[in-house]
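Please keep the sequence and the model in view while reading.

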Amino acid sequence: FIHLKIEDVFNTFSENNEKMNESQIKTMYNFSYKKESDWRTIFKFPCNLSSFIENWSTMGIYEQHGIFDETQKRIKNRIKNIFKYFDENNI
């Protein structure tokens, strides 16, 4: 289950690309509740999904929770926008 949540984070911040670049990881880290580690030493760039999952556990708990919360918000907004589109277009 946790790998699926981590994969959601990766896909959200990489914008569904196969690799995440330094800028995307930096953006992701901005949502940490508390800076506990240095993202530049955790991830190598560009970062693919398997290395992202592998290195995720080296991040602090406040970093993980803040990023998970932002990911959840973004996924909810996408779903709302999909339903809104269908409602507006009577589909």
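## Surface and overall dimensions

Along the principal axes, the C-alpha atoms fill a box of roughly 50 × 25 × 25 Å.

Of the 91 residues of the protein chain, 30% count as buried; buried means under 20% relative accessible area, exposed over 50%, and partly exposed in between (1.4 Å probe, protein chains only). The chain carries 13 positive and 13 negative side chains, with the centres of the two sets 4 Å apart. Lys and Arg count as positive and Asp and Glu as negative, while His and the chain ends are not counted; each charge is placed at NZ of Lys, CZ of Arg, CG of Asp or CD of Glu.

## Basis and confidence of the model

This is a predicted model, in which local features need pLDDT of at least 70 and side-chain atom pairs count only at pLDDT 80 or more, whereas totals for chains, interfaces and linings use all residues. Residues are numbered from 1 along each chain as its sequence is written, and side-chain values use heavy atoms, with hydrogens and water left out.

The mean pLDDT (the predictor's confidence in each residue, from 0 to 100) of the protein chain is 93, and 98% of its residues reach 70 or more.

## Order of elements

The protein chain contains five helices and two strands, in the order α-β-α-α-β-α-α from the N terminus. Helices (H or I, at least four residues) and strands (E, at least two) are DSSP runs, numbered from the N terminus.

Contact means heavy atoms within 4.5 Å. Of the contacts with a separation of 6 or more, 60% are between residues 24 or more positions apart.

## Nonpolar core

A nonpolar core is a set of buried Ala, Val, Leu, Ile, Met, Phe, Trp, Tyr and Cys residues joined through side-chain atoms within 4.5 Å. The largest has 17 residues, of which Val9, Ile25, Met28, Tyr29, Phe43, Phe52 and Trp56 touch the most other members. Two or more residues come from each of α1 (2-13), α2 (22-29), α3 (39-42), α4 (49-56) and α5 (61-88). Helix α1 gives the most, with four residues.

Beyond four places in sequence, Tyr29 touches Lys35, Ser37, Trp39, Ile42, Phe43, Met59, Glu63 and Ile67.

## Thr12

Thr12 is found in helix α1 and is buried, with a relative accessible area of 4%. Leaving aside neighbours within four places in sequence, Thr12 is in contact with Thr71, Arg74, Ile75 and Arg78.
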